Amino acid sequence: MPGWDCGIDGCEAAFDAVEDAIVHQTTEHERHECAVCGTIVPEGYFAIRHAFDEHTRAEFVRAYDADSDAVREREEIKAAVEDTADLRSVVERLNGSE
C-alpha cells in the first residue's frame with residue numbers, strides 16, 4: 001500500500017516514495033499563485049514550503065482565510081516530507097525532465 005497521497009484537488013494518485021509524489025505534484029498539476037505575494041510555484045509540497053518559508057503564519061492565515069488547524073496540517077506535511085524526502089534527488093529529477 002502506497003504511503004504518500006498526492007492530495008491535490010481530489011487527485012487520487014498514491015506513491016510508495018515521497019519523492020515520486022513531489023515529482024508528480026510538480027509535473028502533473030497546474031502551478032499555484034501565492035495569495036500573499038503572487039509568486040507562481042508548483043502546487044503541493046513546493047507551495048506549502050513557499051508559504052511557510054517566505055511568509056509569516058499570520059500572512060498565510062489572512063491570505064487564505066485559514067485557521068490554526070489548516071496551518072498545523074500544512075506544517076505537519078512540510079515536516080514529514082522534509083524528514084523523509086531526498087529533496088536533492090527531486091530537484092535533479094525535475095531539472096532532468098525540463
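How many nonpolar, polar and charged residues does the lining of the largest pocket have? I count by class 16 nonpolar, five polar and five charged residues there, taking Ala, Val, Leu, Ile, Met, Phe, Trp, Tyr, Cys and Pro as nonpolar, Asp, Glu, Lys and Arg as charged, and the others, Gly among them, as polar.

I note that this is a predicted model, in which local features need pLDDT of at least 70 and side-chain atom pairs count only at pLDDT 80 or more, while totals for chains, interfaces and linings use all residues. Residues are numbered from 1 along each chain as its sequence is written, and side-chain values use heavy atoms, with hydrogens and water left out.

Entry on the pocket. I find about 550 Å³ of space in the largest pocket, and of its 26 lining residues Glu43, Gly44, Ile48, Arg74 and Ile77 are the closest to its centre. Among the elements that each supply at least two lining residues are β1 (4-5) and α1 (18-28), whereas α2 gives the most, with five residues.

Entry on the helix pair. I see the axes of α3 (residues 57-64) and α4 (residues 68-84) come within 10 Å and cross at roughly 120°, which makes α3 oblique to α4. The crossing of α3 and α4 is right-handed. In contact (heavy atoms within 4.5 Å), I list Arg57, Phe60 and Val61 of α3 against Val71, Arg74 and Glu75 of α4. The residues of this contact divide into three nonpolar, no polar and three charged.

Definitions and conventions. Axes are lines fitted to C-alpha atoms, for helices over the stretch in contact, and angles run from 0 to 180 degrees between N-to-C directions. Helices (H or I, at least four residues) and strands (E, at least two) are DSSP runs, numbered from the N terminus. Angles under 35 degrees count as roughly parallel, over 145 as roughly antiparallel, 65 to 115 as roughly perpendicular and the rest as oblique. A crossing is left-handed if the near helix is turned anticlockwise from the far one by less than a right angle, and right-handed if clockwise. On a 1 Å grid over the protein atoms alone, a cavity is a set of points where a 1.4 Å probe fits but cannot get out, and a pocket is an open set with protein on both sides within 12 Å along at least five of seven lines; lining residues have an atom within 4 Å of a point. Grid points are joined across faces, edges and corners, and a volume is the space filled by probe spheres set on the points.
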